[in-house]
Amino acid sequence: MRNNKLIQLGIDLSKGTTGNYSTEEANDKLRESLNKLMGSEDGRFNAKAFRKNKLEIFEILEEVIDARVEEGLKEQFEEFVDYRSVKFGDKLSFLPETDELFEVAEIAGGTNNLNRQRITYGRPYQISTGWEGVKIYEELERFLAGYIDWVKLVDKVERSFKREITEKIFTAIKAAYNALSAPYRYGGAWNADQFDTLVAHVEALSGLKPMVIGTRKAVRKAIPEFISEKMKDERNQDGYFKTIDGITFGIIPQAHKIGTTEFAIDDDFLLVLPNGDEKIVKFVMEGEALIEDGEGKTNADDSKEYSVRKKFGIGVEKTAKYGVYILE
C-alpha cells in the first residue's frame, strides 16, 4: 500500500519545506517511520517485517531519491537547463529554434503583390537516454542488527547522482561552447569593451537582455570600469559584482569530480544567456529511480547488495542563442 505521507515527508525534506519540523526532526521522523516498516523501531532488526514491507520501503526511497535529485538539479542549473521528465518508453522531441525572419517588401498602394514566405525550422531531435546506477552493499551482521541508516544512505545516493549529472551537464556545455565562433565567442583577459560587444551580439540575436553566469571564481574576474563605494560594499558582501553595465551576473554552484577534490566546472568561462529564455541544455529523465536488492544471490561474505538505477540523457541545443567569454 502506497505510503503517501512518508513519501511526501521525504520530498519536503528535499525542498526544505518541512512545516513545523526542523530538518533534523523531519529526518528523525522519516528514519523512525522507515524503521517501523522494517520492524526495527525497538532497535532490533526484524527480517520478516523487512521482507514483508520491502517493496513499500523501496517505493518510498525511489520516489524520495527522484524528488531530491530533481530539486537539486533545478536549484543548481535553473538558468540554463531545461529539465524534462517522461515515462519509461516515451521519447520527447525538441524542435530547434531558427533565427530566420520574414522579408518585408515594399508594395504599391491598392495591391497585394507579395510573395508567400514560410519559416524553415530545423529537424526535430531527441535526447538519447541510458541507464546509470550504483551498487552498494552492507555486511550481513550490520544489516541484521539494524545499523543501516536509510536516510543517510538516500542522501549519499542522491548526492552521488547529482555529482555524476553535474559532470555530464558541464561536459555537454563545454563541448557546445567550444564549437562557438566569433562574434559569440571571445577569449582573453577581462576587458569591459569586449564584454559589452559580446553581450550586444547575444542581445541582437535573441532580442532579449542577457544575463551572465559562471562559477564564483569566474564571475569575480568580471570588474566594471566605474566602481562606487556602494558597489564595493555590495561586492564585499556578495563576493562579486552582481551587476556590471546593467547586466545581471549569477553563480553556478561548484562541485567536485567523483572521487577527487578536483572541481567539476571550469573557473575560466562566463556564459552569456538571454535572460530567462534560453535553456541551452536539455536534460531528460526517463521513468523513475529503480531499487533492486540482491536477494537470491549468495555472496561469499554474506553481504547484502542493493542497486539504484536511473535512466537519463543530456544534450545541448545547437541553435541556442548564447555566447561565451573564455577568461585567459
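This passage walks through a predicted model of a single chain, from overall make-up to individual residues.

The model is a prediction, so local features are reported only at pLDDT of at least 70 and side-chain atom pairs only at pLDDT 80 or more, while totals for chains, interfaces and linings use all residues. Residues are numbered from 1 along each chain as its sequence is written, and side-chain values use heavy atoms, with hydrogens and water left out.

On confidence, the chain has a mean pLDDT of 79, with 77% of its residues at 70 or more; pLDDT is the predictor's confidence in each residue, on a scale from 0 to 100. The chain holds 8 helices and 12 strands, both taken as DSSP runs numbered from the N terminus (helices are H or I with at least four residues, strands are E with at least two). Among these elements, helix α7 (residues 216-219) has the highest mean pLDDT, 93, and helix α4 (residues 140-144) has the lowest, 56.

Of the 328 residues, 40% count as buried. Here buried means under 20% relative accessible area, exposed means over 50%, and partly exposed is what falls in between (1.4 Å probe, protein chains only). A contact is a case of heavy atoms within 4.5 Å. Among contacts between residues at least 6 apart in sequence, 75% join residues at least 24 apart.

Now for the sheet. It is open, with mixed pairing, and its 6 strands come in the order β5-β12-β9-β6-β8-β7. Two strands count as paired if DSSP finds at least two bridges between them. At the edges sit β5 (185-188) and β7 (243-244), each pairing on one side only. Next along, β8 and β6 run parallel and are joined by 4 bridges, with Ile213 opposite Gly250. On to β9: β6 and β9 run antiparallel, again with 4 bridges, and Ile213 stands opposite Leu271. Strand β9 then pairs with β12 in the antiparallel sense over 4 bridges, where Leu270 faces Tyr325.

Strand β9 is well wrapped up, with 6 of its 6 residues buried. Phe269, Leu271 and Leu273 are buried on one side, and Leu270, Val272 and Pro274 on the other. Helix α6 (residues 192-206) lies across β5, β6 (210-214), β7, β8, β9 (269-274) and β12 (323-327). The helix runs at about 165° to β12, where axes are lines fitted to C-alpha atoms (for helices, over the stretch in contact) and angles run from 0 to 180 degrees between N-to-C directions.

As for packing, a nonpolar core is a set of buried Ala, Val, Leu, Ile, Met, Phe, Trp, Tyr and Cys residues joined through side-chain atoms within 4.5 Å. The largest one has 56 residues, of which Phe80, Ile169, Tyr177, Phe269, Leu271, Phe283 and Tyr322 touch the most other members. Helix α5 (residues 150-178) gives the most to this core, 11 residues. A second, separate core has 17 residues, including Val212, Ile244, Leu270 and Leu327.

Setting aside neighbours within four places in sequence, Ile169 is in contact with Phe77, Phe80, Val81, Val281, Phe283 and Ile314. Phe80 itself lies in the loop between α3 (47-77) and β1 (81-86), and counts as buried because its relative accessibility is 1%. The C-alpha atoms of Phe80 and Leu273 are 7.8 Å apart, although 193 residues separate the two along the chain.

Finally, a pair of lysines. Lys282, in strand β10 (residues 281-293), is classed as buried because its relative accessible area is 10%. Its side chain makes a polar contact with that of Asp82 at 3.4 Å. A polar contact is a pair of N or O atoms within 3.5 Å; within protein, one must be able to donate a hydrogen and the other to accept it, and residues adjacent in sequence count only if both atoms are side-chain atoms. Lys36, in helix α2 (residues 23-37), is classed as exposed because its relative accessible area is 61%. Lys36 and Asn46 are 10 residues apart in sequence, with 9.7 Å from C-alpha to C-alpha.
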